[in-house]
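Overall numbers come before single residues.

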Amino acid sequence: MEIMNNWNQFLTAQGARPVAIDGAPDGTANAPVADFGQSLTVPQLQEGFVAAITDQGLIGLNGDDVASFLHGQLTNDVEHLNQEQVRLAGYCTPKGRLLASFLMWRNATTIYLQLPRAIQPAIQKRLQMFVLRAKAKLHDASADDANQVVLGLGGQKASAALSAWFPALPATPFSKVEHALGTLLRVADAFGSARYEWLTSAATARDVWPPLTEQLAQGGNDAWQLSEIHAGIPQITAATQEQFVPQMVNFELLGGVNFKKGCYPGQEIVARSQYLGKLKRRTTLVSIADATVVAGGELFAVSDPEQPCGMVVNAAPNGVGGIDALVEMKLGAIEEGSSAAGAVRYGSAQGAAVQFLPMPYVLDALDL
């Protein structure tokens with residue numbers, strides 16, 4: 001991973017602040033990059049930004065049976081995934097609880113699963129256990145030359161900036177193009193603008209970083225996570241493994257669950273949650289004026305202070321002293337908090353007030 005370390009050293013020389021995360025390497029040479037001294041704000045993300053994404057791992061799978069193997073393990077259709085598509089997919093326990101969420105795509109030879117670097121080794125090992133006689137091999141694809149660096153771009157200026165290197169950009173969310181300079185994924189839009197992940201070599205990343213940062217605000221993992229949160233895209237981390245069935249984090253609304261694909265671990269429970277009874281929990285977007293908010297933290301309704309009404313799924317600094325977050329909650333608490341300021345609080349019923357923000361997509365009319 002020496003080339004990757006050199007990339008992080010390059011970023012540190014540009015003023016990036018490296019931080020350690022659980023399960024990931026420490027030290028300034030290879031630690032994930034949080035920011036460049038000051039967290040980006042939502043208006044900066046809206047205008048245009050480029051982020052060095054260093055906290056994501058990548059599992060690559062090769063072999064004749066890879067698609068059918070993954071099709072029987074994940075919540076989404078893998079067998080019909082083509083080379084122009086990008087999909088979300090979940091990996092559940094037999095009880096239907098998410099162990100991991102993936103961004104998934106493929107090329108002619110390999111299917112890729114992107115997930116937090118901190119949980120990649122354990123998830124990769126668990127998937128490997130179920131390969132059995134299937135012709136499928138798993139490897140750490142973040143060590144591949146072409147995938148060593150991931151840049152995240154978004155906002156009003158991002159597409160024009162990328163056009164200097166890519167003659168054609170992915171036309172719609174969750175699509176991709178391949179190019180001599182790497183793979184360009186278009187992920188979920190945010191703030192009415194396209195967002196992209198550019199997977200490339202460290203050498204290319206060092207070349208394009210200076211001209212990109214002349215046009216776009218520069219950030220690290222915090223900036224990218226903030227954009228993901230405002231796109232309404234949840235990611236399962238170490239703090240939230242086995243906490244949610246997919247619908248609790250809106251995964252089926254985002255196309256991450258295919259209810260016609262057949263069996264996978266937890267499929268019966270996921271299907272039952274969809275078709276029997278009314279969903280009682282969803283994930284929504286909030287802002288909290290408390291810099292200590294973290295994934296896995298609990299939320300409390302003032303009207304029912306004795307037990308938590310929800311949990312933080314993902315959180316990121318919003319650049320104005322607080323945290324923006326995706327939170328999974330009881331529907332009643334979402335309704336209450338949306339209509340009465342201070343009705344939901346973080347940490348305890350006396351904690352920081354939770355401000356509810358508009359979601360970028362509609363939650364089911366049946367639910368709310």
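Accessible areas come from the Shrake-Rupley method with a 1.4 Å probe, and for residues only the protein chains shown count as cover. On that basis the protein chain exposes about 15000 Å². Carbon and sulfur atoms supply 51% of this area.

Some ground rules come next. The model is predicted, so local features need pLDDT of at least 70, side-chain atom pairs count only at pLDDT 80 or more, and totals for chains, interfaces and linings use all residues. Residues are numbered from 1 along each chain as its sequence is written, and side-chain values use heavy atoms, with hydrogens and water left out.

Now the overall fold. The protein chain has 9 helices and 19 strands. Both are DSSP runs, numbered from the N terminus: helices are H or I with at least four residues, strands are E with at least two. The C-alpha trace spans about 55 × 50 × 35 Å along its principal axes. The radius of gyration is taken over C-alpha atoms, and the globule rule is 2.2 Å times the number of residues to the power 0.38. For 368 residues, a compact globule would come out near 21 Å; the protein chain has 20 Å, which agrees.

What share of the residues counts as buried? Of the 368 residues, 56% do. Buried means under 20% relative accessible area, exposed means over 50%, and partly exposed lies in between (1.4 Å probe, protein chains only). Contacts need heavy atoms within 4.5 Å. Among contacts between residues at least 6 apart in sequence, 68% join residues at least 24 apart.

Thr284 gives a local view of such packing. Its place is in strand β14, residues 281-288. Thr284 counts as buried because its relative accessibility is 5%. Leaving aside residues up to four places away in sequence, Thr284 touches Ala325, Leu326, Val327, Ile334, Phe356, Leu357 and Met359.

Ala180 sits in the loop between β10 (175-179) and β11 (182-190). With a relative accessible area of 82%, Ala180 is exposed. Ala180 and Thr213 are 33 residues apart in sequence and 22 Å apart in space, C-alpha to C-alpha.

Charges come next. Lys and Arg count as positive, Asp and Glu as negative; His and the chain ends are not counted. Each charge is placed at NZ of Lys, CZ of Arg, CG of Asp or CD of Glu. The protein chain has 25 positive and 34 negative side chains, and the centres of the two sets lie 7 Å apart.

How many salt bridges are there? A salt bridge is a side-chain nitrogen of Lys or Arg within 4 Å of a carboxyl oxygen of Asp or Glu. By this rule the count comes to 7.

One of them joins the side chains of Glu47 and Lys157 at 3.0 Å, N to O. Glu47 lies in helix α2 (residues 42-47) and Lys157 in the loop between β9 (149-154) and α5 (158-162), so the pair ties together parts that are 110 residues apart in sequence. Glu47 is partly exposed at 41%, and Lys157 is partly exposed at 38%.

Glu178 and Lys176 meet at 2.6 Å. Here Glu178 is partly exposed at 43%, whereas Lys176 is buried at 5%.

Arg195 and Glu228 also form a salt bridge, at 2.6 Å. Arg195 lies in strand β12 (residues 193-200) and Glu228 in helix α7 (residues 221-230), so this pair ties together parts that are 33 residues apart in sequence. Both Arg195 and Glu228 are buried.
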